[in-house]
Amino acid sequence: MIRSNFIVFSYTIGDRASVSNQTTISILIHNRYIILSPSIRSFLLQSNNNHILDTPIEFLPGVGPARALTLKNELQIFTFRDLLYQYPFRYIDKTQFHRIVDLTEESGAVQIKGVLRRVEILGEGKAKRLSATLRDESGVIELVWFQSIHWLEKNLFVQKEYVVYGKVSWFNNSPNLSHPEIEMVSAENTALAPTFDPVYPSTERLHQKGMDAKARRKLMRALFEKLRGAAPVDESALNLPENLPDYLTERFRLLKRAEAMLKIHFPTAPEELEAARKRLKFEELFFLQLKLLRYKLRRNEQTRGFVFDQVGDYFNDFYTNHLPFALTGAQKKVIKEIRRDMGAGKQMNRLLQGDVGSGKTIVAFLCMLIAAGNGFQSCLMAPTEILAQQHFISISALAEQIGLTVSLMTGSIKGKKREERLLNLASGAIHILIGTHALIEDEVRFQRLGLAIIDEQHRFGVEQRARLWKKSTPSPPHILVMTATPIPRTLAMTLYGDLEVSVIDELPPGRKEIITTHRNENHRLRVIGFMREEIAKGRQIYVVYPLIEESEKIDLMNLMEGYDSLSRDFPKPDYQISVVHGKMKAADKDFEMQRFIKKETQIMVATTVIEVGVNVPNASVMIVENTNRFGLSQLHQLRGRVGRGADQSFCILMTGFKLSADARERIKTMCATNNGFDIAEADLKLRGPGDLEGRMQSGVLNLHLADLAKDQRILQVARETALEILDADPHLQLPEHRRLLDYLMGMSQNEKTWARIS
């Protein structure tokens, strides 16, 4: 049945043979959200399987269907649990009262207790306001409201004592408070007890629906009343079962869970707030680590891997006779770690970190040779066609020396050529397949895939990477994920908590450190002159413009204007300029890239399509325009396009004059260091680490309170504790760990996690 914009479903639940034992429930669907009738609410809450925190938010006193829809739309608050875990982002100190005579223009927000002396409506139309005066023992202050005037007039009483809170402003040398919070003083009004009032995330829509800061605090108090039930006002009586073993709370001197929850929302002193934060941060990070480590344990127990029990002739021949340069110590160490994994009888799931130019590609190729030597195929999936082609060119040149067949699969390869490659792949004639996300299409079938390598893995969605698992039977392929964006140890142990981690922390000998400088428009002529000097030495130059999806047309116009400007500064026939951007056809991009590689052009004007995969040792200068529009990891990747030869290389960061604080910090970091791990630490602090268990790969991690950049010590302790527990009790079967298992099961209920996919 459809009523206006509501869809209504009615069901009868209960004993078919007895009408008296049946209950009719109604479910209303409105704007994608389900509104439960009182009958279904009663039915659901009678179930022993539902905790009170699972109650839909519309059933909290003071919410109702209309406000519930707003909370769902604006803040994704669907249940009591969602509301409880939305912690305050700051607190208002209401533990002290100020005297009116002591107020100054610098007083800011103050709390005053006094008697209301006058209440009247002044002005007309848009200038209409409610004015009142409050007197304490030291003086008088005016209170002014421009909204809810008639409601306030009826509910404010002269000669009664009130507590007001607001920001002081001055008019005609007298203090006033505009739109202050106001509460009547009474013995029953416990809300006036000295507190640090919580301030919660909000939106304009919430305020329009009457859910301002004061109303939100009322909702939270109502929630705690529900959690107390008929119990006295005592945090120990809250219906929030403890989820940590007693020996952990005692060892680390942590508050109990219920007490911490109450004090994070309604602390009465800074010490209480700090203790609550310590407990809840530890809890978040501990259970996060416990989940990741259990995934890893379960995978090692349940997921068998192909056994590569020999190095093989391909590897030995290439290593002995064709290796183009000596491996660094770090590269040798990483290859040993990978060989050990692939021969252990379990599926390898390893992350390979290495800074730009550290030699990850040759390591990947040597691993492919081990797979080939054991009779298995390999694939390498890259995020862009340019990078896939670059890998194909370099790996084909190495593989042909030992008789291995390498093929390329991208979206631009179609028709008979594509069909032929698919047949050769399925027959086993292709030993190594390199490509883009085209590799995960259903029609791409391997005869015997044993190793899947994913380059720049952060550029793929988790679901995309997961589809590679299905390309091999009866066991999944060994997985090696590579990134040239070094990851801080803190983030690596969390974001990749169920992967083994290998690090190439050594650059090939002879590389010179890239000199990075910041320049603005006042330095444009000097930069042009420097470019001419480098070109005169026979060097080549990249000039990169941002290309952001939301404003592609504007950015493309900026790029073309930049090209026109450079064409005037570097005219033909003395100079030649290439242009590469994402809107070009693959063949056109490749043509321009090849011109640059062959030194037919001296300058390449490009977008971030050249961020990875372009290897031109003769290019010695990287100029990044509008640097403030790039993230740190992107800037580090772009800088890594130069410095690949023996010549001194330079990176010039161009900006306008107006820069945000974050942009200044990014530029300062880039100029201060070439170390990718230092840059990654700074990036973590500026950007946040991304969604750990979900599919979001950047932005804020799904932690309610903990901050990986600031809480590294707590994270370290949480991980060590989780490891200690799982070493002693891998399946959490001991009685003292029953709480942990129950809580983990509750976390996992109805949750589809992607954390186990590398």
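**Briefing: fold, cavities and backbone features**

In the protein chain, 71% of the contacts (heavy atoms within 4.5 Å) between residues at least 6 apart in sequence join residues at least 24 apart. The model is predicted: local features need pLDDT of at least 70, side-chain atom pairs count only at pLDDT 80 or more, and totals for chains, interfaces and linings use all residues. Residues are numbered from 1 along each chain as its sequence is written, and side-chain values use heavy atoms, with hydrogens and water left out.

**Overall composition**

- The protein chain contains 24 helices and 25 strands, taken as DSSP runs numbered from the N terminus (helices: H or I, at least four residues; strands: E, at least two).
- Of the 758 residues in the protein chain, 51% are buried; buried means under 20% relative accessible area, exposed over 50%, and partly exposed in between (1.4 Å probe, protein chains only).
- Carbon and sulfur atoms account for 50% of the accessible surface of the protein chain, which comes to about 36500 Å² (Shrake-Rupley method, 1.4 Å probe).

**Cavities**

- Two cavities of 30 Å³ or more are present in the structure; a cavity is a set of points on a 1 Å grid over the protein atoms alone where a 1.4 Å probe fits but cannot get out, and lining residues have an atom within 4 Å of a point.
- The largest cavity has a volume of about 100 Å³, volume being the space filled by probe spheres set on the points, with grid points joined across faces, edges and corners.
- Its lining consists of Ile386, Gln389, Gln390, Ile393, Asp590, Met593, Gln594 and Ile597, and helix 13 (385–399) and helix 19 (586–597) each supply at least two of the lining residues.
- By class, this lining has four nonpolar, three polar and one charged residues (nonpolar: Ala, Val, Leu, Ile, Met, Phe, Trp, Tyr, Cys and Pro; charged: Asp, Glu, Lys and Arg; polar: the others, Gly among them).
- The second largest cavity has a volume of about 50 Å³, and its lining divides into one nonpolar, three polar and five charged residues.
- Helix 9 (residues 270–302) gives the largest share of the lining of the second largest cavity, three residues; the lining residues include Asp341, Lys346 and Glu500.

**Backbone features**

- Lys572 and Pro573 are joined by a cis peptide bond with omega of about 0 degrees, and Pro573 is in the loop between helix 18 (552–569) and strand 22 (577–580).
- Gln76, although not a glycine, has a positive phi of about 60 degrees; Gln76 is in the loop between helix 2 (64–75) and helix 3 (80–84).
- Asn172, also not a glycine, has a positive phi of about 55 degrees and lies in the loop between strand 9 (161–171) and strand 10 (174–178).

Note on methods
1 Å grid on protein atoms, 1.4 Å probe; cavity = no way out; pocket = protein on both sides within 12 Å on 5 of 7 lines; lining within 4 Å.
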